[in-house]
Amino acid sequence: MAGRFPPRPTPTTLRGGDVVVPTGVPRQVTAPGRRRAWAPTGPLDLGLVLGPLRRGPGDPTFRATPDGSVWRATRTPQGPGTLRVALRSGIAEAEAWGPGAEWLLEQLPDLLGASDVPDAFEPRHRLLALASKRRPGLRLTRTGLVLESLIPSILEQKVTTDEAYRAWRLLVRKFGEPAPGPAPGRMHVMPGPRTWALIPSWEWHRAGVDDKRASTILRAVRVAARLEQATGMEPAEAQARLEVVPGIGPWTSAETVQRSHGAPDSVTVGDLHLPGIVGFALAGDRHADDEVMLSLLEPYAGQRHRAARLILLSGCVPPRRAPRMRRGDIGRL
């Protein structure tokens with residue numbers, strides 16, 4: 001993930017927002033869609049670039065398949081769409097379906113990090129130099145979509161990642177729509193703003209979402225058009241616009257623009273674990289707070305998010321000294 005403490009590694013997820021993209025026999029697609037091929041100018045790792053877009057192993061909007069493809073179902077300004085991307089001999093081959101297919105293909109280079117400038121990062125610590133060298137395919141994705149990153153970020157406020165992932169999975173599958181095209185089974189496009197606004201209060205409760213987070217999402221979708229306009233702003237201006245909505249603070253806005261804008265300097269503040277991870281990695285201080293974290297990242301001004309991302313990918317995290325946060329489920333109340 002881009003800012004929260006990374007989940008326990010599974011067969012398809014690694015620390016720092018990396019997704020393992022399996023390799024194998026090419027998938028046979030029965031219904032061809034619109035196609036596009038794009039040649040990146042440098043190394044490209046699909047799992048590293050697109051990993052932050054996945055919200056847990058069961059995310060109904062994201063899938064990595066055994067043929068080496070990454071599937072993504074999303075709601076574009078033109079409507080719902082499904083995108084399949086695979087790397088073949090260094091070329092990104094994409095195919096898209098649905099009303100949003102053309103828009104997804106137009107945005108493909110930005111999605112795969114074409115607007116990112118990884119050479120702007122100059123490591124000042126040995127740990128980051130090694131992490132950067134070992135992950136040459138890391139680029140920061142830019143989706144050009146705000147709401148699809150904002151809503152799951154709101155769901156992740158003040159709860160465990162398992163609770164947030166479960167809520168996102170249940171709500172998208174119940175109120176979203178099946179992904180267009182021959183997408184892998186049970187993939188869905190997230191609901192549109194009006195559908196989010198009409199979700200009954202008891203459905204939020206069943207999904208384990210408290211009234212505070214649900215109310216924040218409802219306030220956000222009422223001004224969805226204004227929030228989506230933030231994609232044309234600089235990341236700092238976009239964060240300021242998002243934070244006008246009550247319930248959206250610096251943590252949520254940073255988590256959003258890291259994905260929607262590919263913002264290399266939008267470091268996540270207000271996180272429970274990230275300051276301790278950065279402090280431990282760069283100064284051996286597992287008790288660092290936001291102020292200490294920002295001072296340690298000051299040499300990377302302009303690239304602080306990339307630095308934090310590389311620290312997470314390095315695996316240099318402090319050993320646990322306390323039990324895991326207890327998972328709650330208000331849906332059982």
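**Close-up views of a helix crossing and aromatic pairs**

**View 1. Crossing of helices α13 and α14.** The axes of helix α13 (residues 274-283) and α14 come within 9 Å and cross at roughly 45 degrees (axes are lines fitted to C-alpha atoms over the stretch in contact, with angles from 0 to 180 degrees between N-to-C directions; helices are DSSP runs of H or I, at least four residues, and strands of E, at least two, numbered from the N terminus). α13 is therefore oblique to α14 (under 35 degrees is roughly parallel, over 145 roughly antiparallel, 65 to 115 roughly perpendicular, the rest oblique). Contact (heavy atoms within 4.5 Å) involves Leu274, Pro275, Val278, Gly279, Leu282 and Ala283 of α13, and Asp290, Met293, Leu296 and Leu297 of α14. The model is predicted, and local features need pLDDT of at least 70, side-chain atom pairs 80 or more, while totals for chains, interfaces and linings use all residues. Residues are numbered from 1 along each chain as its sequence is written, and side-chain values use heavy atoms, without hydrogens and water.

**View 2. Tryptophan 71 and tryptophan 97.** The structure holds four aromatic pairs (ring centres of Phe, Tyr or Trp, its six-membered ring, within 6.5 Å; planes under 30 degrees apart are stacked, over 60 edge-to-face, the rest tilted). Tryptophan 71 and tryptophan 97 are stacked, at 5.5 Å centre to centre and 10 degrees between the planes. Strand β5 (residues 70-76) carries tryptophan 71 and strand β7 (residues 91-97) tryptophan 97, 26 residues apart.

**View 3. Phenylalanine 121 and tyrosine 300.** These two rings are stacked, 5.4 Å centre to centre with 15 degrees between the planes. Both phenylalanine 121 and tyrosine 300 are buried.

How values were computed. Buried < 20%, exposed > 50% of the residue type's maximum accessible area, 1.4 Å probe, protein only.
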